[in-house]
Amino acid sequence: PSDQPSGIQNVITFMPGSSEADVVLAFAEAIGVEALCKGKLCIDITGLMRPHILYLVRYLFDHRVKSFDMIYTEPAHYARKENTKFSNEEIESVRQVIGFEGMHDDEMGNDILIMGVGYDHALISRVVNDKDGAKLIQLLSLPSLSADMYQESILRLDKTDSTFDPNMDDRVFFAPANDPFVVASELSDKYKEILSRGTITNTYLCPLATKPQALGFALFYLAELIGTPSSIIFPFARFYDKETSKGVGRTWQYEINL
């Protein structure tokens, strides 16, 4: 376009309201599906939204891309610490992420909601209220990206309608904020633990913490939950804030093998 910033080539723009699938499919079409799915592929997910990361992994999975790398750069810290706002808190809907929809049972007596707890207390509250009949299981990011972020997330969690009690061993578990593989492993262990106690009617997963955590949720779902009454859900806000972080921390490269 004529107003394209100088020096930036092949910019792909999207209309407001574009879904995660719209974005990924438009990108794949623009660069060519063959170029995306053949050869060596490395994707920087630092600036992507969590639903877009989820659908992108599903897209590559469906196109039988077995191996690719993803890069994530941590922030040094969040702009306003525990008061940092990531969305405008005007939630349009809580819905299934495209590509992670499950054929859910009408029986809902033993539903579970496994939520990756992040900073956005409004998003957390909206999901909890939307699935108020489900047993809430909270995945907390520990170790966090930096020493202060765990405490900040707990301070934000206090503002939600959910109850945090570190002594509720069956309702709270932990995984590193920067390791999607451990996240996937911990999700698998917790799911099997709950399943060993009896029937699960429907499973809802909701990653609201870091982007590597969202990647871990995708890996777990694709490995173990396809074809089950399970879905990944997300609270979609009307707007998202810019410049929520300050500085640059560590950069991580994840070798994904589907």
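Predicted model: local features only at pLDDT ≥ 70, side-chain atom pairs only at ≥ 80, totals over all residues.

Trainee: How are the rings of F234 and F236 arranged, and how far apart are their centres?

Mentor: The ring centres of F234 and F236 are 5.4 Å apart. Their planes stand at 70 degrees, so the pair is edge-to-face.

Trainee: What sits over the ring of F236?

Mentor: R95 does, with its charged end 3.9 Å from the ring centre of F236.

Trainee: And which residue lies over the face of Y204?

Mentor: That is K131, at 4.1 Å from the ring centre of Y204.

Trainee: Back to ring pairs. How many aromatic pairs are there?

Mentor: The count is five aromatic pairs. One of them is F100 with Y221, whose ring centres lie 5.1 Å apart. The planes of F100 and Y221 are at 75 degrees, so this pair is edge-to-face.

Trainee: Where do F100 and Y221 sit in the chain?

Mentor: In distant parts of it, 121 residues apart. F100 is in the loop between β3 (91-96) and β4 (112-116), and Y221 is in helix α7, residues 211-224.

Trainee: Buried or exposed, F100 and Y221?

Mentor: F100 has 0% relative accessibility, so it counts as buried. Y221 is at 2%, so it counts as buried as well.

Trainee: What about E101 in that loop between β3 and β4?

Mentor: E101 lies in the loop between β3 and β4, and at 41% relative accessibility it counts as partly exposed.

Trainee: New topic, helices. How does α6 cross α7, and how close do the axes come?

Mentor: The axes of α6 (residues 180-196) and α7 come within 7 Å. They cross at roughly 50 degrees, so α6 and α7 are oblique to each other. The crossing of α6 past α7 is right-handed.

Trainee: And α1 with α3, at what angle do they cross?

Mentor: Roughly 55 degrees, and the axes of α1 (residues 20-31) and α3 come within 9 Å. α1 and α3 are therefore oblique to each other. α1 also passes α3 in a right-handed crossing.

Trainee: How long is α3, end to end?

Mentor: α3 covers residues 50-62, which is 13 residues. At 1.5 Å a residue it should span 18 Å. The end C-alpha atoms are 19 Å apart, which agrees.

Trainee: Why call α3 largely enclosed?

Mentor: Because 11 of its 13 residues are buried. They include R50, H52, R58 and L60.

Trainee: How many residues of α4 are buried?

Mentor: Seven of the 10 residues in α4 (residues 121-130) are buried, and the helix is mostly covered. Among the buried ones are H121, S125 and V128.

Trainee: What happens just after α3?

Mentor: R64 takes a positive phi of about 60 degrees there. Most residues other than glycine have a negative phi. R64 is not a glycine, yet its phi is positive.

Trainee: Where is R64, and is it buried or exposed?

Mentor: R64 lies in the loop between α3 and β2 (67-78). It is exposed, with a relative accessible area of 70%.

Trainee: Last one, β2. What can you tell me about Y72?

Mentor: Y72 is found in strand β2. Its relative accessibility is 5%, so Y72 counts as buried. Y72 and W252 are 180 residues apart in sequence, but 5.2 Å apart in space, C-alpha to C-alpha.

Note on methods
Residues numbered from 1 in each chain as written. Heavy atoms only, no water. Phe/Tyr/Trp six-rings, centres within 6.5 Å; stacked < 30°, edge-to-face > 60°. Helix = DSSP H or I, 4+ residues; strand = E, 2+ residues; numbered from the N terminus. Buried < 20%, exposed > 50% of the residue type's maximum accessible area, 1.4 Å probe, protein only. Lys NZ or Arg CZ within 6 Å of the ring centre and 35° of its normal. Expected span 1.5 Å × (residues − 1). Axes fitted to C-alpha atoms, helices over the stretch in contact; angles between N-to-C directions. Parallel < 35°, antiparallel > 145°, perpendicular 65-115°, else oblique. Left-handed = near helix turned anticlockwise from the far one by under 90°.
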